[in-house]
Amino acid sequence: MAQELISKRIAIVGAGPAGCACALFLQKSGVNNIAIFESKDFLKTLLPTGGGRCNLAFAEFDFKELAKNYPRGEKFLYSVFSRFGVKETLDFFDSIGVKTYTQPNGRIFPVSNSSKDVRQKFLKTLKCELVKEKVLKIEKLDSGYKIETEKSKYFFDVVVISIGGHGGLDLVKNLGINTIDQTQSLSALKTSKDFSILSGVSLKNVSFKIGKEIITDDLLFTHKGISGPLIYKISSIFARKTMPYNICLSFVEDFDFQNHLDKNSKKNIKNLLGEFIPKSLAEFLLNDLEVDETALCHQINGKMRDLIYKNLVSYEIEIVGKIPDSEVVISGGVDLKEINPKTMECKKLPQLYFCGEILDIDGFCGGFNLQNCWSTAFVSADAIANL
Ligand SMILES: Cc1cc2nc3c(=O)[nH]c(=O)nc-3n(C[C@H](O)[C@H](O)[C@H](O)COP(=O)(O)OP(=O)(O)OC[C@H]3O[C@@H](n4cnc5c(N)ncnc54)[C@H](O)[C@@H]3O)c2cc1C
C-alpha cells in the first residue's frame, strides 16, 4: 500500500507532461519520495502545445471511441482509458486550478488559453525533488535500479521512464527492452507534383477513403506540398508507410457532372468548376489536363468530361516526403508488447514503468497525444502507489 512505499525511492526520468503528471498523481496518493530527472527545463515541452493554448484533451467520453483516434495503440489504450479517460482528466485539471472549456470542434483548452498558465499550476503543485541532470544510463540491479547522470550515480527502487519521443531510445534499448523504430507522425506532406502556384489555397471538407472509412476534413496547399487537418490525419495513418506512395482525394462528392454541363452549356468550364472548388484550383486542374479553361461547357466532350470528373472526385497525389509542421509527434518507441496496460509496468523488469510519448502510441491532432500522457501517467502512478 502507499504507506509502505514511503521508504521506497522513486525516480521519474523526463519532466514533460507525462512525467510531471505521474509525479502529481503519486503525490495525490500520498507518495512523496520522488525525484524527477530532467535534462532541460521542467515541463517546457508543454509550452508550444495547441499553438501556446494547450489543447489538453478532446471531448470524447466513450473510451473505445476515444481510442479510435490513435493509429498506434488503440487496443492497448482500452483498459488505460477505461480507468482514466476525459472526465477524469478534466477533474484532475480542475483539482490543480485549471478550468477548461470545449470548442465546438471538440478540442478542450484551459479557460486561460495559456499553456504557460497550465505549466505554472503544475509546477506550483509539484512538491518533489527536481534534479536538472541528463540521465545517461539506467541499469537493473538485483534490487532496484542504478541511474547514471552526467554528474552522479543514484539508486532507486522504482523507475518511471517518460522521456518522450525526442529523447532517443538508447536508455530503453540498454535495458534489453524491445523498441519500434521512431518516425514522425502528424506532418505536412511533400508531393512530387508542384503545387506552389496554389500555395495558401484551402479547401473545406475534402474526403479521403481508407478501407470502409471516409475521413473528411480541411486541406491546405503549401509551397512544398499539402497540409491542414486532413493531411495531418493521413500522415499519421501512413506514418510508417514507405515513400513514395499515392493518396486519392475527393474535392467534391459524387455528382451528376453531365447534368451540370448541360444546364450551364454557355458558361465557361472554369467558372462552372469554380462553383465546386476554388477557381485557382479549377484553373490548375484544367491546365494540367490541357483543357482550355475558356472552353464553354457544351464544348466539353465525353473524354474531357470524364477526366475532369475523375480529378474532382478522385484526385491522385504522389507523396514523396514529410514536412515537419506545427504539431510533431513521434510514432514508435517502447514496444507495447513489453508493457502491462493495467499497470504500465515493463513485463520483464519489475518496478520499471513507462508513460507518455516514449511508448509506441500516437494519436491524431486534437488533444489526443496529451491525453495519452495524462492517462498512462495515472495508470503507472496508481500501480506504484499500490505496490
Ligand atoms: C509544437 C507542438 C505542439 C503540440 N500540441 C499538442 C496539443 O495541443 N495537444 C496534444 O495533445 N499534443 C500536442 N503535442 C504533442 C505533445 O506535446 C506530446 O505528445 C507530449 O509533450 C509528450 O509528452 P511526454 O511527457 O511523453 O514527452 P515530452 O514532452 O517530450 O517530455 C519528455 C521530457 O524528457 C526530457 N528528457 C528526454 N531525455 C532525457 C534524459 N535522458 N534525461 C533527462 N531528461 C530527459 C526532455 O527534455 C523532456 O522535457 C504537440 C507537440 C508539438 C511538438
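**Exercise 1.** Which helix gives the largest share of the shell around the ligand?

*Solution.* Before we start, note that this is a predicted model: local features need pLDDT of at least 70, side-chain atom pairs count only at pLDDT 80 or more, and totals for chains, interfaces and linings use all residues. Residues are numbered from 1 along each chain as its sequence is written.

Step one: 37 residues surround the ligand, and the closest are Gly14, Gly16, Gly164, Gly167 and Gly356. A residue belongs here if its C-beta atom, placed from the backbone, lies within 6 Å of the molecule.

Step two: look at helix 2 (17–28) and helix 13 (368–385), each of which supplies at least two shell residues. Helices (H or I, at least four residues) and strands (E, at least two) are DSSP runs, numbered from the N terminus.

Step three: helix 13 takes the largest share, with 4 residues.

**Exercise 2.** Describe how domain 1 and domain 2 meet.

*Solution.* Start with the bounds, which come from an automatic or database domain assignment: domain 1 covers 2–184 + 329–385, and domain 2 covers 188–323. Next, place their centres, which are 40 Å apart over C-alpha atoms. Finally, count the contacts (C-beta atoms, placed from the backbone, within 7 Å): 7 residues of domain 1 touch 8 residues of domain 2.

**Exercise 3.** Summarise the protein chain as a whole.

*Solution.* First, the secondary structure: 13 helices and 21 strands. Then the extent: the C-alpha atoms fill a box of roughly 85 × 40 × 35 Å along the principal axes. Last, among contacts with a separation of 6 or more, 73% join residues 24 or more positions apart.

Conventions
Contact = placed C-beta atoms within 7 Å.
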